[in-house]
Amino acid sequence: MSNAAKETLNPFEIAQKQVKAACDRLNTDPAVYEILKNPLRVLEVTFPVKLDNGTVKTFTGYRAQHNNAVGPYKGGIRFHPHVNMDEVKALSTWMTFKCCVAGLPYGGGKGGITLDPKDYSEAELERIARGYANAIAPLIGEKIDIPAPDVNTNGKVMSWMVDEYESIVKYSAPGVFTGKPVEFGGSLARNEATGYGVNFAAVQALEKIGKDVKGATYAIQGFGNVGYHTGLYAHDAGAKVVAVSTVDVAIYNENGLDMDAVLKEYQTNGFITNEAGYGREITNAELLALDVDVLAPCALENQITSENAGDVKAKIVVEGANGPTTPEADAILQANGVLVVPDILANCGGVVVSYFEWVQNLQGYYWEFNEVQQKQTVVLRRAFQDIWNLAQEYGVDLRTASYMMSIRRIEKAMKARGWY
Ligand code: NAD
């Protein structure tokens, strides 16, 4: 049997393994893992929607609520054909730990609808979004569970869902969903927040290995919201971005891509191509194996597995995506001396600013762009430093330390509540 055959790609099993490893390392009361190994509540809903051609189709959606010892549940909603119960359970687990890594007063939640949005018109997607919001409305609320955008959802979808929710509860509740458009209760600096945080994590990791971000080389897999903003802030800081990719193309230029032009193309079209000839076309597999200072996987889960982890030559891997590295691959990276900044630390900037959006909604008072980003920077710097120190203290990698930091915070809240 090959390693790949033995390696689980079930994200929920991976999430449970990660939680277990950290509980073991902290030697927590067995009750802590017993409570954290499963979400406290998972809702599956089926709801009918009228399609444009007059027929009715039912859709299946989920909402997993992992743990609310520290505060209300928080996490995105994705529209994707692969959405299933194990996936939302895993993603809700990761959200609990991501919120606690940043010290936010939230527990993890995640939801989704199993569909390919490309198969539906905008009017149909609006009815689907409203049908889902209606179906999960009894379990969400500004002080209960606060969803946000995720893969294939955005501010427009959140706006429909807020409107649907408010039409049920009959009062204004903008804080029930975050990731809204700025003109409808969203926060300035939210759109930039995740990539800003990914680059901020990369800069701090570079400092730890004695390298300046100026002139440091970056390869970015996935050039969507997260990859684009990672590239933007890396470029602003003087880094040399040598490779970027999408699902369709990977582009490499060892002298550094013309990032002003790459960023402009994305701003104009919402995606990038290599029509302008930024560099040589390579495969995504080759991008992951480039000899760079920082490799930022910002696309999807399970990109670095036991099959290709040995090829990674980057000094630092900063996980912009959720779950891009399998546990088996993680062990190989560690053995090879690669510094991995794990997803729950590297990409927590998004949920940090979602938290600020929620605070602004509850206050009804809105902050300037710089104020939001400064507050975000304070939270991210503290989170990275606390976790770095914990990793040094226990002699563990940053992923284990991130889970340990979160578990310490959750276990105290669960203890105070008398859950064990
Ligand atoms: P997005 O849809 O805006 O961009 C995804 C990018 O990845 C696109 O460029 C796409 O072409 C590329 N891609 C897809 N499959 C690929 C493949 N096989 N190889 C190479 N590139 C591929 O999505 P996003 O919002 O940037 O999210 C990316 C990842 O970051 C996801 O894992 C998401 O869960 C995670 N994340 C996003 C946020 C956020 O605020 N948007 C926050 C935290 C984590």
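**Domain contact and cores**

Modeller: By the rule used here, one salt bridge crosses the interface of domain 1 and domain 2. Keep in mind that this is a predicted model.

Biologist: Which side chains meet in that salt bridge?

Modeller: Arg78 and Glu301, with an N to O distance of 3.5 Å. As for polar contact between domain 1 and domain 2, the count is one residue pair.

Biologist: How much area is buried between domain 1 and domain 2?

Modeller: About 610 Å², and carbon and sulfur atoms give 61% of that. On the domain 1 side, Trp94, Lys98 and Val101 supply 69% of the area buried against domain 2, more than any other three residues.

Biologist: Switching to the inside. How many residues are in the largest nonpolar core?

Modeller: The largest nonpolar core has 73 residues, and Tyr218, Phe223, Val318, Val341 and Ile407 have the most contacts inside it. Helix α15 (residues 398-416) gives the largest share, nine residues. Domain 1 and domain 2 each contribute at least three residues to this core.

Biologist: What does Ile407 touch?

Modeller: Leaving out residues up to four places away in sequence, Ile407 touches Val19, Ala22, Cys23, Leu26, Thr28, Val32, Leu36 and Phe97. Apart from that core lies another, of 27 residues, with Leu115, Ile128, Met158 and Val176 among them.

Biologist: Now the backbone. What is phi at Asn27?

Modeller: About 55 degrees, so positive, although Asn27 is not a glycine. Most residues other than glycine have a negative phi. Asn27 sits in the loop between α2 (11-26) and α3 (30-36).

Biologist: Is Asn27 buried or exposed?

Modeller: Asn27 is exposed, because its relative accessible area is 67% and the cut-off for exposed is over 50%.

Biologist: What about Asn152, where does that one lie?

Modeller: In the loop between β5 (145-149) and α6 (155-169). Phi of Asn152 is near 65 degrees, a positive value in a residue other than glycine. With a relative accessible area of 45%, Asn152 counts as partly exposed.

Definitions and conventions. Residues numbered from 1 in each chain as written. Predicted model: local features only at pLDDT ≥ 70, side-chain atom pairs only at ≥ 80, totals over all residues. Heavy atoms only, no water. Core = buried A, V, L, I, M, F, W, Y, C linked by side-chain atoms within 4.5 Å. Buried < 20%, exposed > 50% of the residue type's maximum accessible area, 1.4 Å probe, protein only. Helix = DSSP H or I, 4+ residues; strand = E, 2+ residues; numbered from the N terminus. Domains from an automatic or database assignment. Contact = heavy atoms within 4.5 Å. Buried area = accessible area lost by both parts, 1.4 Å probe. Salt bridge = Lys/Arg side-chain N within 4 Å of Asp/Glu carboxyl O. Polar contact = N/O pair within 3.5 Å; in protein donor to acceptor, adjacent residues only side chain to side chain.
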